[in-house]
Every structure is written in structure tokens, then in C-alpha cells.
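Work through the exercises below with the sequence and the model at hand. Each task is followed by a solution in steps.

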Amino acid sequence: MRLHPGETEAVGWRVTTVLDAVRRLCDASPDVTGRARVIAIDGRGGAGKTTLAERLRAVVPDSAIVHTDDIAWNHAYFDWGTVLVENILRPLHRGEAVDFRPDAWITHGRPGSITVPAGADFVWVEGTGIIREELAPWLDASVWMQGDLDEQERLLVVRDGDSPEQMEHVANWLLEEIPFLARERPWDRATMIVAGPPRIDHDPATELVIAPPTGSQAAIAVEYAPAAEKPVRANPPSPLSPHEET
């Protein structure tokens, strides 16, 4: 499997239900109360981040999705961390609704806004570059989608085409993506690795193929043994952010 430069290939892959994956992400942040859990989903283009977010939202109906592409649109490929924190993550940690219209949307006449209703149990934040050191205090758990780059690149062409303009965009993106991912190593930081796309037989309607994060395979492999069924609990809203005093 061809991976990002410096990326460690995950081991211990196994099939689990989507609901069990949600429970494991909950277990990574057992002390979260009074607000929505914020779960990051990271991976390269074509890995299936948006599809995974939609599947997770279907399992937890009172949840919402935020796409970092909407933050980055006509702003920057990766230099959007502060914008995300101040306008989305900080309000979520206060238990507030989000209704954010980025400056670039206003400048370029893009209609609408990025919205998250108050009272959501989970917020799935998906996009390449979301798992990074500067955002760690704001994320309760995270998923890195690991897969063969050749297959991801094929799927990206199927989705976005291979026009000269698109190929130039991809080339410029990679000039920033490769060193960014090499520095941040999201595959080591993640709570869970999800195969994207998977190469193990499973039911794509109800199951995922998962592995422990590559930075701590031996230490937490036992956590990826089949778990007993446990309820996913909703949490009421809270007014506090990680950086505010009680």
C-alpha cells in the first residue's frame, strides 16, 4: 500500500459496526458533559471522509457535520485553524449554535452560511488537516482515514475530473499538503484509524474496517478487541471552552 511520505502503515485491522466505532470515539472522551462532542475526521482527498461523516451522522441523528473545505474556500489550503476555532469550535464548546459566514463567502458572493444547531450531541468536523497540534484542545476524538494513495487518487479523479485546471489545483495543494501532514502526523495523533477505502470484506452499509492509531499500536491494541454493547449517551450543552476558566 502506497502511503504519505513518513506515514506508518496501520496494523491490527478488524471489522466493526459503525455504532461500535461511535462508542469507541465516545470512550476516548468520557468526561465530556454539557456540550456536543467534537470529532475530527481527517484523510487525503478520495479517502471517503465526507461519506464516513454522513454514515456517523446517520447513527447519531442529533449530530451535525462541518466541512473544513467550507472554511478553506478561497481563503487558504491549511492556514484556517484560527478561523475554525474562533467561529465554530469555541461557540460549540460553549454549547452555542453556529451560524458563520466566512469573509471569503461574502467577498465572492457565495450564499448561505455554516450552521450547527444548538443542542447537537456530536459534531463531525471533516477535512484534510483537521487533526493538528493547534486544534488538539478543541477535539474530543479523531479519525484518520488510511488507504492506498493510488486508489485515493483514482477516486479523486472520478469525483473532480482531470482537467488541466483541476490538475494544477491538485499540484498546488500537494505542495502544501505533503509537508503539512509530515509535520503534524495525524495518523499518530488519531484516536482511531479507518480504512479508506477498505481492502477487507465487510458490509459497507453497517460496518467499518478500523485499526488503532499508528503512534501507539502495541499500547492500545487491547482496546480494539470486540467490545460489549453500551449505549451512546447524549450530553446537555455547556458554557465553557477549553481555554476559559470555571
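Predicted model: local features only at pLDDT ≥ 70, side-chain atom pairs only at ≥ 80, totals over all residues.

**Exercise 1.** Classify the pair of tryptophan 144 and tryptophan 187, and state which elements the pair ties together.

*Solution.* The centre-to-centre distance is 5.4 Å and the angle between the planes is 65°. An angle over 60 degrees counts as edge-to-face, and that is the class of the pair of tryptophan 144 and tryptophan 187. Tryptophan 144 is part of strand E7 (residues 141-146) and tryptophan 187 is part of helix H8 (residues 186-189), so the pair ties together parts 43 residues apart in sequence. For burial, the cut-off is under 20% relative accessible area. Tryptophan 144 counts as buried because its relative accessibility is 1%; tryptophan 187, at 0%, counts as buried too.

**Exercise 2.** Which residues does histidine 4 touch, not counting residues up to four places away in sequence?

*Solution.* First locate histidine 4: this residue lies in the segment before strand E1 (14-17). With a relative accessible area of 7%, histidine 4 is buried. Its contacts are Arg44, Trp144, Leu149, Glu177, Leu181 and Trp187. Among them are Trp144 and Trp187, the two members of the edge-to-face pair.

**Exercise 3.** Which arginine lies over the face of tryptophan 73, and which over the face of tryptophan 80?

*Solution.* For tryptophan 73, the residue is arginine 110, at 5.0 Å from the ring centre. For tryptophan 80, it is arginine 132, at 4.2 Å from the ring centre.

**Exercise 4.** Describe the largest pocket by its space and its lining.

*Solution.* The space in the largest pocket is about 920 Å³. Its lining has 42 residues, of which Gly45, Gly46, Lys49, Asp69 and Arg159 are the closest to the centre. Elements that give two or more residues to the lining include helix H2 (49-59), helix H6 (149-160) and strand E9 (207-211). H7 gives the most, with six residues. By residue class, the lining divides into 19 nonpolar, twelve polar and eleven charged residues.

Key. Residues numbered from 1 in each chain as written. Heavy atoms only, no water. Phe/Tyr/Trp six-rings, centres within 6.5 Å; stacked < 30°, edge-to-face > 60°. Helix = DSSP H or I, 4+ residues; strand = E, 2+ residues; numbered from the N terminus. Buried < 20%, exposed > 50% of the residue type's maximum accessible area, 1.4 Å probe, protein only. Lys NZ or Arg CZ within 6 Å of the ring centre and 35° of its normal. Contact = heavy atoms within 4.5 Å. 1 Å grid on protein atoms, 1.4 Å probe; cavity = no way out; pocket = protein on both sides within 12 Å on 5 of 7 lines; lining within 4 Å. Points joined across faces, edges and corners; volume = space filled by probe spheres on them. Nonpolar A, V, L, I, M, F, W, Y, C, P; charged D, E, K, R; others polar.
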